Amino acid sequence: EGAEGDPSPEQLLEMLKSLKELQDSGAIAPSDFEAVKSQFKEAFGSSLDEMVDEARKEKPLNAQEEEMFELLKSIMED
C-alpha cells in the first residue's frame, strides 16, 4: 500500500491512460507536455528507467505494473 494520499496502482494506471489519450489526441500541447514530464521527474526524483529498475529489483512486476511502466515510458519518450 502507498502512503496516505498516494494513488493506488489502479488509479495511477487510469491517470496514465487518460494522459496518453490527451497526448495522442493533441489536447495537450507539446510545450505543456514538457512541463508535465519535468513535474513527474521532480515528483519522483528519478528517471522512469531508474524507477522501473528499482521496482524490478524489489520484486517481479505483475502484468498491471508492467503495463503501467510501458505506458509511462511511451508517454515520457514522446
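Let me begin with K20, which counts as buried at 15% relative accessibility, where buried means under 20% relative accessible area, exposed over 50%, and partly exposed in between (1.4 Å probe, protein chains only). K20 has its place in helix 1, residues 9-25; helices here are DSSP runs of H or I with at least four residues, and strands are runs of E with at least two, numbered from the N terminus.

Before I continue, please note that this is a predicted model, in which local features need pLDDT of at least 70 and side-chain atom pairs count only at pLDDT 80 or more, while totals for chains, interfaces and linings use all residues. Residues are numbered from 1 along each chain as its sequence is written, and side-chain values use heavy atoms, with hydrogens and water left out.

On the overall fold, the protein chain has four helices and zero strands, in the order α-α-α-α along the sequence. Of its 78 residues, 28% are buried. Among contacts (heavy atoms within 4.5 Å) with a separation of 6 or more, 63% join residues 24 or more positions apart. In space, K20 and M76 lie 9.6 Å apart, C-alpha to C-alpha, although 56 residues separate them in sequence.

I turn now to the salt bridges, each defined as a side-chain nitrogen of Lys or Arg within 4 Å of a carboxyl oxygen of Asp or Glu. How many are there by this rule? The count is three.

One of them pairs K20 with D24, their closest N and O atoms being 3.3 Å apart. Both residues lie in helix 1, four residues apart, about one turn of the helix. D24 is exposed, at 54% relative accessibility, whereas K20 is buried.

Another salt bridge joins the side chains of K17 and E67, at 3.4 Å from N to O. This pair links distant parts of the chain, with K17 in helix 1 and E67 in helix 4 (residues 63-77), 50 residues apart. K17 is partly exposed at 29%, and E67 is partly exposed at 37%.

There is also a salt bridge between E65 and K59, with 2.9 Å between the closest N and O atoms. Here E65 is buried at 15% relative accessibility, while K59 is partly exposed at 42%.

Finally, the surface charge. D49, E50, D53 and E77 gather in a negative patch; patch residues have over 30% relative accessible area and no salt bridge, with like charges joined within 9 Å. Helix 3 (residues 48-58) supplies the largest share, three residues. D49 is found in helix 3 and is partly exposed, with a relative accessible area of 43%.

How values were computed. Patches are made of residues with over 30% relative accessible area and no salt bridge: like charges are joined within 9 Å, nonpolar side chains (Val, Leu, Ile, Met, Phe, Trp, Tyr) within 5 Å. Accessible areas come from the Shrake-Rupley method with a 1.4 Å probe; for residues, only the protein chains shown count as cover. Lys and Arg count as positive and Asp and Glu as negative; His and the chain ends are not counted. The place of a charge is taken as NZ of Lys, CZ of Arg, CG of Asp or CD of Glu.
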